[in-house]
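Subject: Structure for your review

Dear colleague,

Please find below the structure that I am handing over to you. I would be grateful if you could read the notes that follow it with the coordinates open.

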Amino acid sequence: MGEYVIKLPDVGEGVAEAELVEWHVRVGDLVREDMVLAAVMTDKATVEIPSPVDGEIIWLGGEIGQVIAIGSPIIRLKIEGEGHAPAPEPAKPAEAEQPKAEPVKAEPKPEIRAEKPVEKPVAPVVHTPLAAPVTIGAPRAEGDRALASPAVRLRARDAGVDLRQVTGTGPAGRISHEDLDTFFARGSQKPVISGLAPDTSVKEIKVVGLRRKIAEKMAIAKSHIPHITYVEEIDVTSLEELRALLNTKKRADQPKLTLLPFLMRAMVKAIAEQPQLNALYDDDANIIHQHGGVHIGIAAQTPSGLVVPVVKHAEARDLWGCAAEVNLLADAAKTGTATREQLTGSTITITSLGSMGGIVTTPVINYPEVAIVGVNKMMTRPMWDGAAFIPRKMMNLSSSFDHRVIDGWDAAVFIQRIKTLLETPALIFVEG
């Protein structure tokens, strides 16, 4: 028998470390090649770490929420044959207990799969349920596929559990072994009868993964940027009529248009007249990086939390192209499959709560950008036309700007230009 060490692979250009967000295995598990063992996160993108070999897990290097340096040992397996047990790297995971170094026999690269040293088949992973499972609600509808590693699926299948009934706490609702444990534990409890008795319980929830990324990003934005927020109402009656007409005329290969692509095209035209809005502010170096390409981040709520996929080069996409890219990125964000490339590189951001958008919001700028455009809920309101009240479809834009580099006047001019384009949508398609 030998030992095989898996190191944290390079998960992206320029990334020196990543946060451990999920273990899919536990010590003692028997795993097969290609089984997903763990997941790490960087820039809100989740990267899964598969096993290059068959073997038994004998050591896991880190706790959920721990930031680990690229190249650090993260998993040790006992395998058939001599194995590969490299010496520990100089870079070590913060505060992690490091295993005792073994004699070095080989140094496999983390991204390259080793030759299969196993000749005998490895028995499947077997777990013993903590209690008889019962159904405690239906987090996923009929036909939905639960996200889970092969080891979790096998364990659930052995226990006779429908994974759609299990609430996942991982990225995009991924179900972990701990979620299964919680499901089993609840199965042994009697139903709680609601009443007026006080509830003195306190649940401690560790802030890790995407929630920690969001918290850090928001704290940096609010501590660095003096926000100025400007709110304007937009009459989108004509725009809605045009949108409905275009959707009846669209080709089968074209996506259904929402309001978002129209807003993106309006922003592109407004930015052409005020390029200082499409910029990143390096406040350490006191340099404003004004970009020619308009890379629009779309703040999107997912089962795991807020992410911002980026439509690159919106200035080079027409209405249908913007809509198609938004749909593609939205699907990737909701399923937790968005890549680091898709989640980085924005120069200005749109945020919207859709039908929950309220009347006014105070959007937080996506640091280090200098502007964010917030979309509030569209509704029909009575508007005075000089002679009578008439019903119009109205929508507010609540937009924030970095007041260090964007004056209030410039912010108002930018939003008023977008207002003109949206209220007279034919202008969006006029060149020049």
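This is a predicted model: local features need pLDDT of at least 70, side-chain atom pairs count only at pLDDT 80 or more; totals for chains, interfaces and linings use all residues.

Aromatic contacts

A search of the whole structure returned 3 aromatic pairs. One of them joins Phe 183 and Phe 184 in an edge-to-face arrangement, with 6.2 Å centre to centre and 70° between the planes. Phe 183 counts as buried because its relative accessibility is 4%, and Phe 184 counts as buried at 1%. Phe 401 and Phe 414 also form an edge-to-face pair, since their ring centres are 6.4 Å apart and their planes stand at 90°. Phe 401 belongs to strand E19 (residues 389-402) and Phe 414 to helix H7 (residues 408-423), so this pair ties together parts that are 13 residues apart in sequence. Both Phe 401 and Phe 414 are buried.

A charge over a ring is found as well: the charged end of Arg 76 sits over the ring of Trp 59, 5.6 Å from its centre.

Helix H4

Helix H4 (residues 237-249) has 13 residues and spans 19 Å from its first C-alpha to its last, close to the expected 18 Å. Its buried residues are Thr 237, Leu 239, Glu 240, Arg 243 and Asn 247. These residues lie on the same side of H4, because they cover an arc of only 160° around the axis. Glu 241, Thr 248 and Lys 249 are exposed on the other side of H4. The cover over the buried residues of H4 includes strand E10 (227-235), helix H5 (259-273), E19 and H7.

With kind regards

Notes. Residues are numbered from 1 along each chain as its sequence is written. Side-chain values use heavy atoms; hydrogens and water are left out. Rings of Phe, Tyr and Trp (its six-membered ring) pair if their centres lie within 6.5 Å; planes under 30 degrees apart count as stacked, over 60 as edge-to-face and the rest as tilted. Buried means under 20% relative accessible area, exposed over 50%, partly exposed in between (1.4 Å probe, protein chains only). Helices (H or I, at least four residues) and strands (E, at least two) are DSSP runs, numbered from the N terminus. A charge sits over a ring if NZ of Lys or CZ of Arg is within 6 Å of the ring centre and within 35 degrees of the ring normal. The expected span of a helix is 1.5 Å times one less than its number of residues. The arc is that of the directions from the helix axis to the C-beta atoms. Contact means heavy atoms within 4.5 Å.
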